[in-house]
Amino acid sequence: MVKGSKKRRGSSKRRKAEVPGTVQGIERTFTVPQDLPVVPAKDIVAFPSVVMSLYVGRPASVHAIERATSTNNLVFVVAQRNQEAESPGPQDLYSFGVVATVLRSLRLADGRVKVFLQGLARAEVKEYRELEQLLEARIHPVAPPKRRKSSAELEVLVNRIRENLQVLVEYEQVPEELLLVSADVSDPGALADVIVAHYHLEPARAQAVLEELDPIERLRIADAVVSDELNQFLVSEKIRDKTRDELEKGQRDFFLREQMKLIQKELGEGEGPVDDLLQLKETLTKAKLPDQARTEAMKQLKRLQHMSPESGDYSLLRTYLEWVVDLPWGQRSKDRLDLKRAQRVLDADHYGLDKVKERIIEYLSVRKLNSSSRGPILCFVGPPGVGKTSLGKSIAEALSRKFVRMSLGGMRDEAEIRGHRRTYVGAMPGRILQSLKQAGTCNPVFVLDELDKIGADFRGDPASALLEVLDPQQNSEFRDHYLGVPFDLSEVLFIATANTIDTIPDALLDRLEVIYLAGYTTDEKINIAQRFLIPRQLQENGLKEHDLQFDREAIRFLIERYTREAGVRGLERELGALMRKLARLVAENGKIPTKIRSADIRQKLGNTKFDPEDNDTRELAGLARGLAWTVHGGEIMPIEASVAKGNGQVHLTGQLGEVMQESAHAALFYARANAELLGLDPNFHSKLDIHIHVPSGATPKDGPSAGITIATALISALSHRKVSNEVAMTGEITLRGNVLPVGGLKEKALAALRYGIRKVIIPFENIKDLEDIPKEQRQQIRFIPTKHISEVLEIALLDKRPRAESIKNARMKRKKTVATA
């Protein structure tokens with residue numbers, strides 16, 4: 001406890017301060033000079049009210065003691081910040097220490113000095129000065145806060161400390177003198193200093209206690225130190241008791257092993273690796289880890305070795321290391337770049353798809369010439385069931401690589417790609433690394449299925465995480481959140497699949513080379529069924545041994561009457577249902593037909609699901625037949641227009657999307673702007689109400705390819721001229737009547753053929769897309785390319801003579817109007 005204040009004595013150059021202190025319960029007042037010689041203390045921190053002995057051997061410290069004994073016996077004891085410094089300077093010392101008095105000094109035979117010091121008061125260094133033979137400090141004694149009145153907390157702390165010390169004294173863990181001192185010292189700060197000084201804490205921790213001026217806070221620290229000492233003693237006694245009870249036949253090795261286990265269990269510490277950790281370390285050493293991954297793995301293994309198996313983090317850390325070991329670092333399969341064999345594999349697994357196969361062979365050719373080539377990421381886009389995923393399997397087989405598949409449909413959590421951070425409970429790597437672990441190699445064929453169905457929410461955007469995965473310039477340093485170190489994905493052959501590219505983000509689509517797979521024609525489906533589907537279903541249903549033949553027309557009947565799709569997934573499902581019916585006949589009677597005909601299919605599968613489409617072959621005014629693309633293939637889309645007396649209202653029904661509504665308004669405005677040329681009443685828009693409807697109103701419809709169909713139906717209804725029932729059409733229209741190109745021409749043409757339509761109006765710029773239509777089907781349809789809506793009307797509308805006369809009359813009327821003006 002410090003009392004008094006700084007004073008100036010006469011004309012002396014040294015300023016001194018009065019420092020009252022309580023030492024061993026006796027209150028005295030000391031006069032402390034402002035400048036005192038410094039005695040650095042290594043591995044120990046001095047405290048007020050405590051007597052300690054030091055062996056002083058460094059010349060500067062010896063001179064400091066000699067100067068103190070020759071003047072006022074006062075020195076400034078301060079702990080070293082840098083314990084390794086042999087000749088500590090100001091930068092190696094703390095700025096907070098203790099003013100101490102030299103009680104006694106004794107020079108030893110080896111030249112060192114043994115000195116007994118008693119701490120008096122805390123002091124803060126204002127400045128260190130290096131003199132010729134010693135280090136001097138200009139200090140300012142720190143006055144502790146005024147003594148607080150006794151409180152309930154203070155009494156509880158003091159009583160607990162004394163009770164714990166009493167227990168430790170009884171078990172001879174601390175000297176009895178410490179208990180006596182604690183009973184004599186009434187000041188809480190002094191009591192705390194005595195206890196902390198006795199336990200020789202780590203210098204940094206002890207220094208923090210020294211710099212703490214609140215006596216109650218220091219007493220709390222002292223209480224924690226004594227409590228920890230007592231708890232450690234009780235635990236060690238518990239360990240001894242448990243181990244003593246489990247001793248058998250006095251075997252010392254068993255005793256030591258059991259004691260180690262109990263120590264690890266009670267203290268959460270381990271003294272060294274056990275057998276399984278040694279095996280884990282050996283596996284990590286043999287693994288072909290990159291330098292960064294090896295450094296991180298060894299660091300975590302060292303942490304694991306010092307953990308108790310019962311610790312909560314033990315299993316988490318061990319799981320992490322097992323993941324690091326199990327990943328295929330540098331384990332790759334050798335590519336088999338035989339182009340002829342690859343072509344045979346593709347032909348054996350897939351019928352048709354010539355352009356797709358050609359692109360795959362080109363890709364393999366580049367790999368053969370340059371194995372380090374980082375080509376584009378292929379993305380197969382097409383309707384369901386056309387063989388996108390199975391193409392990936394065929395590529396893996398052709399290259400002799402492992403095959404893995406990951407479905408992205410409905411994925412909304414970014415952690416599914418990048419993994420969870422290890423701070424989360426139940427954290428795991430992302431599905432990318434999980435799939436690579438499953439494959440066992442770092443260069444498999446990796447199919448990312450349903451890329452267009454990926455989502456996003458508050459948990460992140462998986463599509464953004466895929467940008468790094470699918471970028472050949474970045475994926476060599478892919479960093480999974482769980483793994484925490486880069487993993488090279490540059491050797492993985494990624495292949496994406498999607499039904500449409502409309503929902504794929506532009507940044508992700510930019511990294512992909514899109515290859516479109518159109519739907520199959522009926523003849524292609526028949527060949528696929530004969531070559532792949534029927535043999536597979538015979539095998540799966542146990543009918544392979546039976547000589548079962550399918551009539552080609554029966555397969556066509558099954559395709560057209562029981563399925564409506566672009567692929568063959570539904571066809572295989574219906575074949576499976578048919579095979580199960582036949583398997584039941586074999587199980588019950590042992591006999592089945594040797595050849596399946598259309599009547600057998602109707603008998604086994606029941607009523608047909610899709611009867612031949614009613615094309616409404618009547619030639620009506622206001623009814624035009626458009627062609628639409630869907631994910632299941634092409635469809636006929638009839639569009640109806642009707643007019644009635646009114647005030648110019650326009651109604652659009654049939655769940656039309658925004659694009660189709662815009663096409664309808666563009667067609668209507670074209671008709672208004674060119675009414676005279678089209679032979680229409682120029683004021684029809686104010687005299688008539690117009691209703692445009694697309695049947696199947698429960699089905700949403702949208703797209704840019706219905707413009708000319710809407711315009712044809714509208715002008716037909718306004719002019720009361722019928723539309724030819726032999727024509728279907730597709731194309732977008734502008735306000736000036738130009739016909740713009742559209743997509744999905746193959747599917748639309750096949751739909752027209754399925755409905756019996758042999759004349760199709762297409763945009764002129766779509767001529768190049770006719771090559772995608774199989775030659776056999778292309779030759780059955782007459783494609784009429786058009787550039788302007790007037791050409792479409794010439795072809796589609798009947799009763800052309802009245803129209804020509806009306807146009808001529810409109811032109812004559814316009815000339816008269818101009819002449820009159």
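Me: Which side chain meets that of Arg218 in a salt bridge, and what is the N to O distance?

Reply: In this predicted model, the partner of Arg218 is Asp193, and their side chains form a salt bridge at 3.2 Å, N to O. Arg218 belongs to helix α6 (residues 215-246) and Asp193 to helix α4 (residues 188-199), so that the pair, 25 residues apart, links distant parts of the chain.

Me: Are Arg218 and Asp193 buried or exposed?

Reply: Burial is judged from relative accessible area, with under 20% as the cut-off. Arg218 has 5% and is therefore buried. Asp193, at 2%, is buried because it too falls under that cut-off.

Me: Where do Arg584 and Glu588 lie, and how many residues apart are they?

Reply: The general idea concerns helix geometry. An α-helix has 3.6 residues a turn, so residues three or four places apart point the same way. Here, Arg584 and Glu588 both lie in helix α20 (residues 569-589), with a separation of 4 residues, about one turn of the helix. Their side chains meet in a salt bridge at 2.8 Å, N to O. Arg584 is exposed, with a relative accessible area of 58%.

Me: How many salt bridges does a search of the whole structure find, and which residues are linked in a network?

Reply: The search finds 35 salt bridges. A network of salt bridges links Asp35, Arg67, Arg129, Glu136 and Arg138.

Me: Which residues of α15 are buried, and where on the helix do they fall?

Reply: One reads this by looking down the helix axis. In α15 the buried residues are Ile432, Leu433, Ser435, Leu436 and Ala439. Viewed along the axis of α15, they fall within an arc of 160°, so they line one face of the helix. That set of buried residues packs against α10, β11 (403-407), α14 (415-418), β12 (445-449), α16 (462-469) and β14 (486-487). After α15 comes Gly440, with a positive phi near 85°.

Me: How many residues of α16 are buried, and what covers them?

Reply: Helix α16 is mostly covered, since 6 of its 8 residues are buried. The buried residues are Pro462, Ala463, Ala465, Leu466, Glu468 and Val469. Their cover includes α14, α15, β12, β13 (478-479), β15 (493-498) and α17 (506-509).

Me: At what angle do α19 and α21 pack, and which residues make the contact?

Reply: A helix pair is read from the angle and separation of the two axes, and then from the residues between them. Helix α19 (residues 552-562) and helix α21 (residues 598-605) pack at about 40°, and their axes are 8 Å apart. That angle makes α19 oblique to α21. From α19 the contact draws on Glu553, Ala554, Phe557, Leu558, Arg561 and Tyr562, and from α21 on Ser598, Ile601, Arg602 and Leu605. By class, the residues of this contact divide into 6 nonpolar, 1 polar and 3 charged.

Me: Where does Arg336 lie, and which residues is it in contact with beyond its neighbours within four places in sequence?

Reply: Arg336 lies in the loop between α10 and α11 (339-349). Neighbours within four places in sequence aside, Arg336 is in contact with Arg341, Ala398, Leu399 and Ser400. Arg336 is partly exposed, at 43% relative accessibility. Its C-alpha atom is separated by 9.7 Å from that of Leu364, 28 residues apart along the chain.

Me: How many helices and strands does the protein have, and what percentage of its residues are buried?

Reply: The secondary structure comes to 28 helices and 27 strands. Of the 821 residues in the protein, 47% are buried. Among contacts between residues at least 6 apart in sequence, 71% join residues at least 24 apart.

Conventions: Residues are numbered from 1 along each chain as its sequence is written. This is a predicted model: local features need pLDDT of at least 70, side-chain atom pairs count only at pLDDT 80 or more; totals for chains, interfaces and linings use all residues. Side-chain values use heavy atoms; hydrogens and water are left out. A salt bridge is a side-chain nitrogen of Lys or Arg within 4 Å of a carboxyl oxygen of Asp or Glu. Helices (H or I, at least four residues) and strands (E, at least two) are DSSP runs, numbered from the N terminus. Buried means under 20% relative accessible area, exposed over 50%, partly exposed in between (1.4 Å probe, protein chains only). The arc is that of the directions from the helix axis to the C-beta atoms. Contact means heavy atoms within 4.5 Å. Axes are lines fitted to C-alpha atoms, for helices over the stretch in contact, and angles run from 0 to 180 degrees between N-to-C directions. Angles under 35 degrees count as roughly parallel, over 145 as roughly antiparallel, 65 to 115 as roughly perpendicular and the rest as oblique. Ala, Val, Leu, Ile, Met, Phe, Trp, Tyr, Cys and Pro count as nonpolar, Asp, Glu, Lys and Arg as charged, and the others, Gly among them, as polar.
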